[in-house]
Amino acid sequence: MKLVIHPPVEDARLSRIAAESAGMRIINATHEHEALAHMPDADAFFGKITPPLLAAAGRLRWVQSPTASLEHYLFPELVAHPCMLTNMRGLFSDVIADQVFGYILCFARNLHRYILQQMCAHWAPVGGEDARVAFTTGPGVVNAIDRAHMHLSDATLGIVGLGSIGAEVARRGLAFGMRVLAVDPVRTEAPAGVEALWPVERLPALLANSDFVVIAAPHTPDTVKMFRRPQFQQMKRSAYLINIGRGVLVDLEDLTAALRAEEIAGAALDVFETEPLPADHPLWSMAGKVILTPHVAGYSPRIAERHLAVLLDNIRCFARGEPLVNVVDKTRWF
């Protein structure tokens with residue numbers, strides 16, 4: 001059997017691949033024309049496959065994507081081809097869930113606002129004119145400052161997409177004592193502690209009941225512009241939207257309008273319809289309501305080793321004729 005790799009991997013990774021390949025011939029192609037020459041008798045491919053490479057493949061049975069997302073990877077001929085496609089989903093779950101809770105804690109405790117105030121040496125508790133307000137109403141009285149700082153165990157977390165990332169977000173929400181709801185197009189069995197797992201058609205119910213709505217869904221033909229003005233209007237006015245899925249799921253013009261109209265309380269975005277977000281976009285001027293990060297939620301020193309582990313596991317499985325991990329439904333992009 002033959003495995004073609006393109007673009008090429010570095011020597012250290014190549015030696016690990018060769019050690020796990022059970023005698024499979026490995027072609028680490030430096031140029032596409034070199035990969036093209038080896039495709040007619042390739043059984044497997046790792047890297048960025050292109051229409052010409054696929055067209056030259058005479059017996060290709062497995063393609064391993066180097067990414068978790070597939071919107072920029074799939075093309076019609078690959079979808080129609082009988083080869084099996086696997087991806088790198090699951091590598092980022094805990095890392096991205098940590099970032100989600102960074103956003104949630106900022107909104108719950110106003111940390112993002114206090115950081116901005118710190119830069120100006122400005123002492124101003126959210127919900128009070130000055131620090132004395134907290135002490136003038138007497139013990140046992142819920143004052144404006146109390147109401148401006150959320151108690152997470154009183155909050156509901158709604159998760160859109162309960163895959164590996166969504167499940168990790170749910171696990172952290174449960175650890176904070178939050179009520180957790182979710183919608184998912186495929187999964188039907190809720191993890192322990194998740195109060196409800198609904199089909200996507202129940203999204204309005206999730207939006208109406210959630211204090212934090214976390215989008216952890218992939219980019220698929222069905223999820224483009226999933227969140228527009230009607231969805232924001234179905235949310236609580238006190239709720240926050242968090243998107244760590246894909247930028248195309250949220251219409252930024254509609255989100256901006258919803259924030260200006262105070263239809264929702266705020267938003268945290270790591271992904272955007274256009275990246276980088278243009279410098280003149282109005283979201284940049286909404287620092288009190290909006291947290292913007294430059295598509296960094298998936299970064300961690302652990303990702304490279306996990307990436308290699310998935311690849312090696314699948315190479316071993318393929319060489320032995322065993323089931324592969326992370327098999328993709330090519331027609332649904334996940």
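Biologist: Is N110 buried or exposed, and what is its relative accessible area?

Modeller: This is a predicted model in which local features need pLDDT of at least 70 and side-chain atom pairs count only at pLDDT 80 or more, while totals for chains, interfaces and linings use all residues. Residues are numbered from 1 along each chain as its sequence is written, and side-chain values use heavy atoms, with hydrogens and water left out. Buried means under 20% relative accessible area, exposed means over 50%, and partly exposed is in between (1.4 Å probe, protein chains only). N110 is buried, with a relative accessible area of 4%.

Biologist: What is the phi of N110?

Modeller: N110 is found in the loop between α5 and α6, where helices are DSSP runs of H or I with at least four residues and strands are runs of E with at least two, numbered from the N terminus. Most residues other than glycine have a negative phi. N110 is not a glycine, yet its phi is positive, at about 60°.

Biologist: Is α5 roughly parallel or roughly perpendicular to α6?

Modeller: Helix α5, residues 93-109, packs with helix α6, residues 111-119, at an angle of about 75°, and their axes are 6 Å apart. Angles under 35 degrees count as roughly parallel, over 145 as roughly antiparallel, 65 to 115 as roughly perpendicular and the rest as oblique, so α5 lies relative to α6 roughly perpendicular.

Biologist: How many nonpolar, polar and charged residues are in the contact of α5 with α6?

Modeller: On the α5 side the contact (heavy atoms within 4.5 Å) is made by L105, C106, F107 and R109, and on the α6 side by L111, H112 and Y114. Ala, Val, Leu, Ile, Met, Phe, Trp, Tyr, Cys and Pro count as nonpolar, Asp, Glu, Lys and Arg as charged, and the others, Gly among them, as polar. By class, the residues in this contact are five nonpolar, one polar and one charged.

Biologist: With which residues is F227 in contact, leaving aside its neighbours within four places in sequence?

Modeller: F227 is among the residues with the most contacts inside the largest nonpolar core. Leaving aside neighbours within four places in sequence, the partners of F227 are V160, L203, L207, V213, I215, F232, L241, L249, V250 and D251.

Biologist: What is the omega of the cis peptide bond that joins E275 and P276?

Modeller: Most peptide bonds are trans. The bond from H6 to P7 is cis, with omega near 0°, and P7 has its place in the loop between β1 (2-6) and α1 (11-20). P276 is found in the loop between β11 and β12 (290-292). The cis bond joining E275 and P276 has an omega of about -5°.

Biologist: How far apart in space are W333 and Y73, C-alpha to C-alpha?

Modeller: W333 lies in the segment after α13 (303-320) and counts as partly exposed, at 23% relative accessibility. Not counting residues up to four places away in sequence, W333 touches L70, E71, L74, H219, T220, P221 and V328. In sequence W333 and Y73 are 260 residues apart, whereas in space their C-alpha atoms are separated by 9.4 Å.

Biologist: Against which elements do the buried residues of α13 pack?

Modeller: The helix α13 has 18 residues and reaches 26 Å from its first C-alpha to its last, close to the 26 Å expected at 1.5 Å a residue, the expected span being 1.5 Å times one less than the number of residues. Its buried residues include I303, H307, L308, V310 and L311. These buried residues of α13 pack against β1, α1, β3 (44-47), β4 (62-64), β5 (84-86) and α5.

Biologist: Which residues is R13 in contact with, leaving aside its neighbours within four places in sequence?

Modeller: R13 has its place in helix α1 and counts as buried, at 14% relative accessibility. Leaving aside neighbours within four places in sequence, R13 is in contact with A304, H307 and L308.

Terms used:
Axes fitted to C-alpha atoms, helices over the stretch in contact; angles between N-to-C directions. Core = buried A, V, L, I, M, F, W, Y, C linked by side-chain atoms within 4.5 Å.
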